[in-house]
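Here's a quick briefing on the charged pairs in this one. Have a look at the model first, then we'll go through them pair by pair.

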Amino acid sequence: MLATLDDLKDALGFTGTADDAELTSTLAAASAAAERIAGRPLTRAAGVIEYPRAYGPIGDKLVYLDRYPVESVSLVRRRWTLDDAWETLSDGEDYVAMMGNGKLLTQSIRWPSGHRLIEATLTGGYADPASPAPDGASYPPADLQRGVIDTAVAFWNTKADKGLKSVQVGDGDGQQLLDIASTATLHAAATALRRVMA
């Protein structure tokens with residue numbers, strides 16, 4: 001989640017726990033909307049495997065990871081064609097991880113250019129603000145948290161009469177909100193987190 005249930009309840013003026021499950025679903029929908037707007041995953045995950053791509057016809061010295069800020073990169077491998085074996089690279093010798101902005105910079109030759117030629121295993125994204133952050137983790141920016149809360153409030157207040165639908169997913173224990181629109185505060189905060197290739 002990119003904001004807390006307590007903050008959502010404060011914004012709605014709720015004090016009890018009777019609606020917590022549905023409020024949590026609404027908060028998850030607002031967090032997912034932020035990720036759709038940003039065009040990349042924002043929530044923290046450990047042991048994620050990504051296949052970043054080099055940009056340019058012959059590759060570049062810089063590749064971009066999707067899930068940042070990055071806490072750690074545990075493995076980076078590359079190959080020059082899909083038929084080649086993976087070559088494990090050494091941090092500091094073959095590449096440098098730029099944790100805050102999720103970039104990998106080669107120290108010598110360029111990155112291979114193509115799909116699934118670079119593989120990175122990492123831990124990154126924004127920690128759940130309702131839990132203690134692990135060492136090296138970052139919480140979502142305050143404007144993003146505010147945008148998620150504003151959007152969750154809008155979802156909650158309009159779901160019954162403004163065309164939002166609630167449908168059962170999975171075994172019936174969860175709900176998913178459909179036909180949703182984000183608030184201006186969420187759109188501004190998440191758009192600012194889109195990846196800029198530079």
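A residue is called buried when its relative accessible area is under 20%, exposed when that area is over 50%, and partly exposed in between. Keep in mind that this is a predicted model. Counting a side-chain nitrogen of Lys or Arg within 4 Å of a carboxyl oxygen of Asp or Glu as a salt bridge, you get six of them.

**K9 and D20: helix to helix**
- K9 pairs up with D20 in a salt bridge, with 3.0 Å between the closest N and O atoms.
- K9 sits in helix α1 (residues 5-12) and D20 in helix α2 (residues 20-38), so this pair ties together parts that are eleven residues apart in sequence.
- K9 is buried, at 8% relative accessibility.
- D20 also falls under the 20% cut-off, so with a relative accessible area of 19% D20 is buried.

**E119 and R77: strand to strand**
- E119 and R77 meet through their side chains in a salt bridge, 2.8 Å from N to O.
- E119 belongs to strand β7 (residues 118-124) and R77 to strand β3 (residues 70-78), which makes this a link between distant parts of the chain, 42 residues apart.
- E119 is buried, at 7% relative accessibility.
- R77 comes out at 21% relative accessibility, so R77 counts as partly exposed.

**R78 and E87**
- R78 and E87 form a salt bridge between their side chains, at 3.2 Å from N to O.
- R78 is buried, with a relative accessible area of 6%.
- E87 has a relative accessible area of 36%, so E87 is partly exposed.

Methods: Residues are numbered from 1 along each chain as its sequence is written. This is a predicted model: local features need pLDDT of at least 70, side-chain atom pairs count only at pLDDT 80 or more; totals for chains, interfaces and linings use all residues. Side-chain values use heavy atoms; hydrogens and water are left out. Helices (H or I, at least four residues) and strands (E, at least two) are DSSP runs, numbered from the N terminus. Buried means under 20% relative accessible area, exposed over 50%, partly exposed in between (1.4 Å probe, protein chains only).
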